[in-house]
Amino acid sequence: MGSLLAIYAFDELWNLSNIVRYGLMSLQHRGAQNFVVCIPGERVKCLHSENIDEVSRGASKNVALAVIGNDSDNMLIEVDDSGVVAIASERSWDGASRALQALSNAFSNGGDPVTSFISTLNRVSDDVAPSMAVLTKRGELVIWRSPSSFSPLVLGSYGFDMAIVSSESVAIDILGGDVKRFLKPGEGIYIAKYIVKHFTAGVSEHRGLCTFELLYLARHDAIVDGVSVYEFRKHLGRELAKYLESDVDVVVGVPETALPYAIGFAEVIKKPFEMAFMATGGRRRSMLFSDPFEKIVSIHLKMNPIRGVLEGKRVALVDDSMVTGSTIKTVSQILRFRVGVPEVHLFIASPPLIMPCPFSVLRLDMKGLLAANLSQSLARDYLEVDSLHWLSKEDVDRVASRFGLKLCGKCFGVDFFGCRK
Amino acid sequence: MKVLLIGSGGREHALAKLIRRSVLEPRLFVAMDYRNPGLEKESVETGGKMFIVNTVSAKDVANVAEEVSPDLVVVGPEEPQFHGVTDVLRERGYIVFGASSRCAEVEKSKVFARSLMWKHDIYGRLYFKAFTSIEEARKFIEFAGDVVIKPARQAGGKGVKVLRDTQAYLSRDRAEVKKTYIEKLFSEMEGYRDIDYKIIVEQRVEGVEYTSMIITDGDTILPLPLVQDHPHAFEFDIGPETGGMGSIQGPGWILPFITREEFGKTVEVVSQVLKALQSEVREKYVGAFAGQMMLTGIWGPTVIEFYSRFGDPEMSNLVPIVASDFLEILDKAARRKLAGAKLDIDEDRVTIVKAIAPAGYPDNRRIAAGHPIHVDEGGVRELGCEVLYASVELLANGVMYTKGSRVFEIVCSSDNYDDAYERIEKAITYVKSLDGWPLFYRSDIGSRELLNDRIRAAERVRTIYGSRSRRGLLGKVLMWVPGEGVSDNPLIGFVR
Ligand SMILES: Nc1ncnc2c1ncn2[C@@H]1O[C@H](COP(=O)(O)OP(=O)(O)OP(=O)(O)O)[C@@H](O)[C@H]1O
C-alpha cells in the first residue's frame, strides 16, 4: 500500500523541496521504505529513492506529487512514454497501464481534464481502481479517492497559497496548513492555476476503511474522515476494560500504538497507567515489515524496560491487535524475566484475526495468524500470560457506529464494522 | 426624485434594486465605466439613463451630474472616492452619499487605518510595520515571523499573502517567499503615486471573518446586519484571494457563528473608528462605512481592514431583506438628517449570494476577459432568486462579454439556509459560457457543512479570547528575548 501527498502552490515563487520533505517525514509511519516525487516540466519527471532528502530535493517547483510505498510496491508511480502524465496509485492494479495510456492521450488532446479523468475511469473499470493522483506536465493535479480504497484522502490549504492533498491529515498539520475536507469515497479534486474543480466519480459501493487504518496505521494525532484517531483508540480501550476479571495494579500499553488504548483502559478501571518501555532509534512500525527478521529487530529495539515501577506488580497489558503474537511474546518475556512481574493479563483492543486480507492491504499469512492456529489456552501458555481477552466483533461494530465509521472487517471474519451506509 | 448612481458592478446593481423600490419614485441615472446590462435595465425602466464614463475622473462625472442635475448622488465604489469624485460633486453643491477622499483614506491606506486605531487606543487592533523603501523592508523581512504581507494601499482584493510561520523547521522556506514577495510587491506598487507607504507587514491572526457595515451621516450610525464574505477563489476555502466569491447573511442581524455581544462589540469598534477618523480629518463622514472583521483568539472581534463604502458582494445580501425605504435612508444620510431613521429588515430570512467568475480571475484577468456569456434570468427568477450583473459588458452585437472579474452574483433568500442553498445551486446552472471558456463558483458557500465548520471554528476562538480576557491579556502578544527583555512585538520570527 502506498500513501499519497500532492502539493499545489498557486504562486510560482514557491520552491516545495523542503515542504515535500517534511510532508513525507510526517507520513513515514505509514510504512515508508521507498519514495517517489514527480514534478511537471517539458515532461513529467520522477525521482525514486529510499531516502527522503534525495527525492524531496528534486521538488524544486511549485507543484509536486509524491508517493510513499513499502519495499515491494515498485509500480506505484508510472509515467507514460511521452511524459505527459504521471499516475500515482495507492496500490498496484491491473488497469494501471491502460489508464495511463488513456489519460496520456486525453491530456495531450487538451480535453476537459475532469471529464477525461472520469471517462477513463469508467472505461478502465471503476470498481477496482484504487485511489489515484495524476500530475500532468503542465502542472495540473487530479486526485481521486476510490470507493474501493481502504484509506482516506484529505484536502487542506495553506493561506491563499497552497492546496495540499494527503493520505493522512497529519501532513497538512505538519506543513502549517488547515484541513479543509475529508474527501468522501468517490470524490475527487482537480487543481490547476486558474481553476479548482470538485467532482464525483465511480459508483461502486464504499468498501469501508481498513480497520487497521484506525487501529494501527494512522498517527494518534491524525483525524480520519472526521474522526479523531486518538479518541477512537481510547474508546476501544475503555470498552476493553469490561473484560477485566482479576485485580491488577498497573496498566501498560505496548508502545507506541497501544498507549491511548491503555490510557482509556486505565481510566475506567481507575488504576495507574504506567510507561513501561523506552525505544532506541526512531519510531519503527514493526507490523509493516515483511521480513520477519527485520520485524523482530524493530520489536526488540522498542522494548527496553523501565524497571522500578513495575517490579512485583500485577500488570494489565494492552495492545491494539495481535497478528503473530511475536510482539506480545517478547513483551511478556521482558516483563517476567527482566522486570519481574508476577501476573500479566493481556487485553487486545480488536477481535481475533482469523483470515488473510483478501485485498492484500495487509500481508497476513494464514499460517502465521496466532488466533487462527492456536487454541485460546495454548495461546495463553505460549505467550506466558495469565489471561487473554479480545474485544468482540460486536464491540468494534458498536464503537465504529458511534464514530460514524464504516470499516472493512474481512480479516476478522465480518464484512463490515459500523455504519452500513 | 432623480438619483445619480456612480459605479459599474454588482454592488451598484444591488443598490439600484434597493433604490428602485422607494416610494420616492426615483429615476435612476447611472454613471458607469462600461455598459453593464443590469444597471442599464434599471436605469431605463425607471425612466433614467446611463452614461459610460471614466468613473474615477471627477471632471467626467461632474459633467454627467450637470446634465442630470440629480437630487441625490450615490457613490458606490472606493476608487472614485479616492480620486476626489465625491469631493468635487459636493463642492458643486450636489447632495452626495459617499465618503469624501479624506474620509476614504481609511480604506485607501491600511497604514492610516491601523495607525488611527493605535493612536486612539481602539479595541481589535493589530500590530504592524509599514515601509516606504524597499531597503528598509528587506532588512525587516529577514527577521519577520508569523505575518501577513499586504500592499499598503487598497488594491482591489489582491496581493495579500498570509504566511503562517509557527514552525521553525519551515521558517527558512517561508522567509525565502517573503523576500521574493516583497520585491515583487514593491515593483507592483510603484504604479500607485497616491501613497507613501508601499507595503505593510502585520500580525497574522486566525478565526472567522465577517463584515459589519453601517450607514452614517457623521453623527448618527445605522448598523446593517452582519454578512460573511468568502475571499478564497475556490471551494473549501482554497486558492488565491479574490474580492469575494459569495456571502451569507442572517437570520436577523447576526450570523449563526457570531453572538449578539460580539455584534455589539463590533459596532462599538466601528463607531469608535468613525469618531476617531472624523476628528483626525476634521470632516463629517457621510456614506457607508464597514469593518472587515475577524473573530480571533487574540481579541475576539478584530479589525482586518475598513471599507469606505458598502461591501461587494456583501451588499447583495441586503436586496431581499431590507424592508425600509432604502433610498430614503441614503437620502437622509446624505442630507445629514439621519437622526431618528430606522432600518427594518426581514429578521426571519437568510440570504446566500454566489459570484460566478471566468477562469483566470483573480490572477490573470486578461485571459478571463472577453468571453461571451449568457444568463437565463427567467429561470433564476422562477426559483425566487435574483441575478445581479457585475463585471459584464453588453456589446453592440447584443451579446454579453466577461470583463475579467466576477460576472454575475446570484441572490437567493429563504427562511432557512438549506432551502436557500438548494435553490441557489439550481439557479447557478442558468449561467452559461457561450464559447466554452470555463466558469467557476463556490458550491460550498451557504452549505450546512461549511456553516457547521464556521460555528466550530468560532467556538474555538471564543474559548481562547474568553480566557485571555479574564486574564487581562486581550490584544497582547508578549515576546521575551533573554538579555533584551519582554516586548510586545509579535512580528519577529525564529530566523535570526
Ligand atoms: N492580519 C491578518 N491575519 C490573517 N489573515 C488576514 C490578515 N489580514 C488579511 N487577512 C486575510 O486576507 C484577506 C484580505 O485582506 P484585506 O481585506 O486586508 O485585503 P484587501 O486586498 O484589501 O481585500 P478586500 O478589499 O477584497 O477585502 C482577508 O479577508 C483575510 O482573509
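I'll go from the ligand out to the domains and chains, and finish with a few backbone details.

Quick housekeeping before that. This is a predicted model, in which local features need pLDDT of at least 70 and side-chain atom pairs count only at pLDDT 80 or more, while totals for chains, interfaces and linings use all residues. Residues are numbered from 1 along each chain as its sequence is written, chains are lettered from A and ligands numbered from 1 in the order in which they are written, and side-chain values use heavy atoms, with hydrogens and water left out.

Okay, the ligand. Where does it sit? It lies between chains A and B. There are 23 residues around it, and the ones that come nearest are Lys110(B), Lys150(B), Gln203(B), Glu209(B) and Glu305(B). "Around" here means a residue with a heavy atom within 4 Å of the ligand.

Now some polar contacts, meaning pairs of N or O atoms within 3.5 Å; within protein, one must be able to donate a hydrogen and the other to accept it, and residues adjacent in sequence count only if both atoms are side-chain atoms. A ligand nitrogen is 2.9 Å from an N or O atom in the Glu202(B) side chain. A ligand oxygen is 3.1 Å from an N or O atom in the side chain of Gln154(B). As for cover, the ligand taken alone exposes 610 Å², and the protein buries 94% of that. Those areas are Shrake-Rupley values with a 1.4 Å probe; for residues, only the protein chains shown count as cover.

Which elements give two or more residues to that shell? They are β7 (147–151), β9 (199–203), β16 (287–296) and β17 (300–307), in chain B. The largest share, three residues, comes from β17(B). Strands and helices are DSSP runs numbered from the N terminus: E of at least two residues for strands, H or I of at least four for helices.

On to domains, whose bounds come from an automatic or database domain assignment. Chain B has domain 1 (2–100), domain 2 (127–204) and domain 3 (207–440). Domains 2 and 3 of chain B both give residues to the ligand shell, so the ligand lies between them.

Domain 1 and domain 3 of chain B have C-alpha centres 19 Å apart. Their contact, meaning heavy atoms within 4.5 Å, takes 38 residues from domain 1 of chain B and 41 residues from domain 3 of chain B. Together they bury about 3,000 Å², 63% of it on carbon and sulfur atoms. Buried area is the accessible area (1.4 Å probe) that two parts lose on being put together, summed over both.

Chain A is divided into domain 1 (3–207) and domain 2 (211–418). The C-alpha centres of those two are separated by 33 Å, and the area buried between them is about 1,800 Å², with 53% from carbon and sulfur atoms.

What about the chains themselves? 31 residues of chain A are in contact with 33 residues of chain B. The buried area there is about 2,800 Å², carbon and sulfur giving 62%. Leu13(A), Phe160(A) and Tyr194(A) supply 28% of what chain A buries against chain B, more than any other three residues.

Last, the backbone. Asp312(B) to Pro313(B) is a cis peptide bond, with omega near 15 degrees, and Pro313(B) is in the loop between β17 and α11 (326–334) of chain B. Another cis bond joins Tyr361(B) and Pro362(B), with omega about 5 degrees. Over in chain A, Asp225(A) has a positive phi, near 45 degrees, in a residue other than glycine.
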